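Dear colleague,

Please find below the structure that I am handing over to you. My findings follow directly after it.

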Amino acid sequence: MKFKLKVCTLFLATTLCANAQDQVLITALREKVPEDAVGEKVKVLSVEEAKTYSWSLGEVFLNVPGTFISSYGGWGKSTSVYPLGLNQRHLLVLFDGVPINDPSTPDAQANFEWIDFNGADRIEIIEGPQSAVYGSTAVGGVVNFLPEEPKKNYLQLELEGGKYKTFREEIKGAVRFKEGFVSFNAENFKSLYFSVTNTNPDHDSIQYTSGMLRLGYKPRPEVKMTTTFLLKGGYGDYDVYCNDGTVIYDRFFFLFSGEVAQSENLFWKLKLSNNEETRNTVGEYRGITRFFSLSPTYYFSETSFVKVGIDYEQ
């Protein structure tokens, strides 16, 4: 069992444009700031954009300069991402600012072959070293999945089909009320796929089912709380692995976020998360990551702030 305790201080001074409210706000510095106020190279993708590349996170990096991808196939097949020539353990993957790495993997890195876009509205890819802000696990960069903040009620159904008897069904929606919102997403994907080896002509089929439930509550103007649940289960037939065996994967993720405005200048943020992943290959591998973060931010003006944070990871 490994424990991590990090204490970090961040000071930012920027000059915001008059139309900053119309700009894309990103979280590269752990606070939402306009994209042109950040000195780092940031690639921002909507989930719909990312899906034009692939249904898995690993293959999205094919469009990120300086990143090498090694993969045995699509979703569920062994995938490694090497940012700037570094091992993938130096690429930090977050969901709404908290890590979703799997400690049962050799280097406690994220399972790139199993990560999809369920529950996310957009993806931020911060290229280059970010260890000053996020620690040594972010030497190669940071990927942050940001969930949707629904602004209206909606219900959406998607049905798709294609080659290799590929079918995908997805339903998602949101309901807003005076003091908060409820949003949800459920997806099922199945495909016979193709054989990833030339020695065995059978189909390496894949299937997964995922779901998301997010609750937002704002009892007072200065208090905001959100709770997110992510579930996923699936399998992938794999010729190259365990002699034509089947790799089974399950995941449960929970996140609570709270924000309190103590005054016009001082804001407190709290995050609590639990990420549990199980992979069954030649044996069962189970990894659990628990995370706690507390960070006050003091704004001197609209253009400068100081942020102090404590992160605890088990």
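**A lysine in strand E19**

Lys307 is buried, since its relative accessible area is 6% and the cut-off for buried is under 20%. Please note that the model is predicted. Lys307 belongs to strand E19, which covers residues 304-313. Two polar contacts of its side chain deserve mention. One of them, at 3.2 Å, is made with the side chain of Ser295; another, at 3.3 Å, reaches the side chain of Thr297.

**Aromatic pairs**

The search of the whole structure returned 5 aromatic pairs. Among them is the pair of Phe189 and Tyr208, which is stacked because the ring centres are 5.5 Å apart and the planes meet at 20°, where stacked requires planes under 30 degrees apart. Phe189 is part of strand E13 (residues 180-191) and Tyr208 is part of strand E14 (residues 206-220), so this pair ties together parts that are 19 residues apart in sequence. Both Phe189 and Tyr208 are buried.

A further pair, Phe267 with Tyr299, is edge-to-face, with 5.8 Å from centre to centre and 85° between the planes. Here too distant parts of the chain are linked: Phe267 lies in strand E17 (residues 266-280) and Tyr299 in strand E18 (residues 284-301), 32 residues apart. Phe267 has a relative accessible area of 23% and is therefore partly exposed. Tyr299, with a relative accessible area of 22%, is likewise partly exposed.

Tyr208 also takes part in an arrangement with a lysine: the charged end of Lys232 sits over the ring of Tyr208, at 4.4 Å from the ring centre.

**Nonpolar cores**

Which residues have the most contacts inside the largest nonpolar core? They are Leu57, Phe61, Val93, Phe112, Val143 and Phe145, in a core of 28 residues. At least two residues of this core come from each of the following elements: helix H1 (47-53), helix H2 (57-60), strand E7 (91-95), strand E9 (120-127), strand E10 (141-147) and strand E16 (245-261).

When its neighbours within four places in sequence are left aside, Val143 is in contact with Leu57, Phe61, Leu91, Leu92, Val93, Leu94, Ile123, Glu124 and Ile125. There is also a second, separate core of 8 residues, which includes Val42, Val133, Ala138 and Val142.

With kind regards

Conventions. Residues numbered from 1 in each chain as written. Predicted model: local features only at pLDDT ≥ 70, side-chain atom pairs only at ≥ 80, totals over all residues. Heavy atoms only, no water. Helix = DSSP H or I, 4+ residues; strand = E, 2+ residues; numbered from the N terminus. Buried < 20%, exposed > 50% of the residue type's maximum accessible area, 1.4 Å probe, protein only. Polar contact = N/O pair within 3.5 Å; in protein donor to acceptor, adjacent residues only side chain to side chain. Phe/Tyr/Trp six-rings, centres within 6.5 Å; stacked < 30°, edge-to-face > 60°. Lys NZ or Arg CZ within 6 Å of the ring centre and 35° of its normal. Core = buried A, V, L, I, M, F, W, Y, C linked by side-chain atoms within 4.5 Å. Contact = heavy atoms within 4.5 Å.
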